Amino acid sequence: MFISYLSYIEQYLFPSFLQYHRKKLTDLLLIHSSILNRPPVIYRGKKEESPLAYIESRNVVIDSIKESIDGKGIVVRLYEALGFRTEDTLTLSFPYEKVEECNLVEEDRRKLKSLRLEFSPFEIKILYFKR
């Protein structure tokens, strides 16, 4: 395989250079091919990490989790993706004091009593979790 590649380079690209350095180039190609053609190594972790946020419904997508603009909380963006009315509970793995629903620019906050969420078809919800 490498010999045919080398002969192509020798004939068409720069023949005098490769005739002189053929041995070095062959060794280099063999070294790099052995590195690139190794099977992937998989390391198993000792402990599974729980996700920051989880929702059971398959049609509700957790789009992003980020720090809020004011720096005092965490914002979770979710949306219903398949066009169905859905009701589900959001599960979190981080502590928070209170939760509020807000708009896309994190304003007009309305306090929520629980993390049981109702989605209309294709609805976007932005939740603000105060730390």
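Two residues are in contact when heavy atoms of theirs lie within 4.5 Å. The structure described here is a predicted model.

By this criterion, Glu101 touches Asp108, Arg109, Arg110, Leu112, Lys125, Ile126 and Leu127, where residues up to four places away in sequence are not counted. Glu101 itself belongs to strand β5, which covers residues 98–102. Its relative accessible area is 14%, and Glu101 is therefore classed as buried, since the limit for that class is under 20%.

Tyr79 lies in strand β3, formed by residues 73–80. With a relative accessible area of 30%, Tyr79 is partly exposed. Residues up to four places away in sequence again being left out, Tyr79 touches Asn59, Val60, Val61, Asp63, Phe119, Glu123 and Ile124. Tyr79 and Ile62 are 17 residues apart along the chain, and their C-alpha atoms are separated by 6.8 Å.

The largest nonpolar core contains 16 residues. Within this core, the residues with the most contacts are Leu78, Leu90, Leu92, Leu117, Leu127 and Phe129. At least two residues of the core come from each of the strands β1 (53–55), β3, β4 (86–92), β7 (116–119) and β8 (124–130). Strand β3 gives the most, with 3 residues.

Leu90, one of the core residues with the most contacts, touches Ala53, Tyr54 and Ile55 as well as Ile62, Leu78, Leu115, Leu117, Leu127 and Phe129, not counting residues up to four places away in sequence.

Note on methods: Residues numbered from 1 in each chain as written. Predicted model: local features only at pLDDT ≥ 70, side-chain atom pairs only at ≥ 80, totals over all residues. Heavy atoms only, no water. Helix = DSSP H or I, 4+ residues; strand = E, 2+ residues; numbered from the N terminus. Buried < 20%, exposed > 50% of the residue type's maximum accessible area, 1.4 Å probe, protein only. Core = buried A, V, L, I, M, F, W, Y, C linked by side-chain atoms within 4.5 Å.
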